[in-house]
Amino acid sequence: MAIDYAPLVPPAGLPPLLVNLYSDTQTKPTAGMKAAMMDAEVGDEQFGLDPTTNALAERMAKMMGKEAAVFLPSGTMCNQIAILTHCRPGDEILAHESAHILTSEGGGAAALTGAQITGLRGDKGLFSADTLRAGIRSKSRYSPPQTLMEVEQTANSGGGVVWPQAQLDEVAAIAHEAGMATHMDGARLMNAVVASGIPVAEMVKSYDSLWLDFTKGLGTPIGAVLCGSHEFIGAAWRWKQRLGGSMRQSGIIAAACLYALDHNIDRLADDHANAKAMVRGLGQIPGLVPEDATTNLVFFDCSATGMTAGAFADKARRHGLALSTTGQYRVRACTHLDVSAADIDTALAILRDVVG
Ligand SMILES: *Cc1c(COP(=O)(O)O)cnc(C)c1O
């Protein structure tokens with residue numbers, strides 16, 4: 001059977017990109033970040049001898065209020081190593097039906113761990129305590145062992161929504177009560193922290209493991225950090241080695257992550273303000289119906305224009321604006337480090353042309 005391995009490259013011959021709202025992963029490292037990378041002290045990470053990577057792991061464990069942390073190349077590897085560490089073949093994971101681990105990691109939980117994921121329903125990428133309770137099976141020789149409950153903070157497909165703290169803690173307590181471990185996909189955790197004002201260690205306190213992506217709003221070229229107990233991180237390190245995620249002079253990239261912790265967290269508030277301005281502007285364009293934005297992800301419905309999301313995004317790209325699509329008529333615009341308030345005005349002007 002043929003495997004569709006084609007990367008998502010745009011077709012040739014397009015006009016220059018004026019504003020890129022495709023994803024917060026498409027930022028370029030700044031001069032300051034590159035200087036920090038050039039100056040990094042390095043050693044052999046596999047041997048535990050890279051001082052910059054060690055400093056990053058220590059700083060992250062402390063910041064998250066966990067015992068230990070491990071540096072990994074990507075958020076996907078953090079999720080997959082967490083699943084490999086928490087679960088055994090045949091186990092069941094409970095997560096929202098739109099969760100990245102279910103929709104966007106190539107079936108990794110099944111392919112690597114041999115675990116199944118059951119998708120829970122709920123508005124905006126969140127599920128309620130009742131929905132989780134209803135998903136918990138009675139323990140018997142028939143039922144798969146349910147060993148992990150996962151949440152996404154912020155919920156990406158849900159619209160970049162921040163889990164209310166009480167709900168985050170309540171679902172974790174129910175999961176623990178039922179004998180499950182709890183894992184947080186924190187791809188955009190710092191967006192949730194900046195938007196809510198809740199200290200990060202408080203936000204993640206009910207979760208046995210969590211990770212933060214540095215390549216989303218924080219603007220590094222590579223890197224994510226997985227945090228948890230000493231025992232969990234020890235087991236995670238074995239999977240890092242097995243999967244080839246164990247690196248050498250990784251201080252070069254860890255330095256970018258340390259730089260991002262110092263310089264790129266508070267400014268996420270600008271991305272959130274730009275997203276809100278985008279929503280206000282979209283609401284004034286006939287045919288476009290935006291969802292509320294609380295962080296840096298803006299979603300809107302384009303069905304009233306008569307175009308599918310794909311056709312709409314293609315047309316916008318021909319006008320110099322990159323957008324992504326997440327459903328038949330649902331378009332996503334993502335604000336980030338490389339997008340200014342003026343760029344939002346430009347994007348809105350382009351969208352008026354696209355619709356008009
Ligand atoms: C981007 C993303 C990931 C995967 O992170 P990578 O660093 O791209 O592997 C996982 N979960 C969510 C919610 C994401 O948005």
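**View 1. A loop with a cis peptide bond.** Threonine 154 sits in the loop between strand S5 (146-152) and helix H7 (165-177). Helices (H or I, at least four residues) and strands (E, at least two) are DSSP runs, numbered from the N terminus. What kind of peptide bond joins glutamine 153 and threonine 154? It's a cis one, with omega at about -5°. Keep in mind that this is a predicted model, where local features need pLDDT of at least 70, side-chain atom pairs count only at pLDDT 80 or more, and totals for chains, interfaces and linings use all residues. Residues are numbered from 1 along each chain as its sequence is written, and side-chain values use heavy atoms, with hydrogens and water left out.

**View 2. A positive phi in another loop.** Look now at lysine 124, in the loop between strand S4 (116-120) and helix H6 (129-135). Its phi is near 55°, a positive value in a residue that isn't glycine.

**View 3. Side chains reaching the ligand.** Aspartate 185 has one 2.5 Å from a ligand nitrogen. Threonine 76 puts one 2.7 Å from an oxygen of the ligand, and for aspartate 213 the distance to a ligand oxygen is 2.8 Å. How much of the ligand does the protein bury? Taken alone, the ligand exposes 380 Å², and 86% of that is buried by the protein (areas come from the Shrake-Rupley method with a 1.4 Å probe).

**View 4. The shell around the ligand.** The ligand is surrounded by 15 residues (each with a heavy atom within 4 Å of it). Gly75, Thr76, Asp185, Asp213 and Lys216 are the closest. Sorted by class, the shell has 7 polar, 6 charged and 2 nonpolar residues. Helix H3 (75-86) and strand S7 (209-213) are the elements that give two or more residues to this shell. H3 supplies the largest share, 3 residues.

View 5. Aspartate 262 and arginine 59 form a salt bridge, with their closest N and O atoms 2.8 Å apart (the rule is a side-chain nitrogen of Lys or Arg within 4 Å of a carboxyl oxygen of Asp or Glu). Aspartate 262 belongs to helix H11 (residues 251-263) and arginine 59 to helix H2 (residues 51-64), so this pair ties together parts that are 203 residues apart in sequence. A search of the whole structure turns up 12 salt bridges.

Note on methods: Polar contact = N/O pair within 3.5 Å; in protein donor to acceptor, adjacent residues only side chain to side chain. Nonpolar A, V, L, I, M, F, W, Y, C, P; charged D, E, K, R; others polar.
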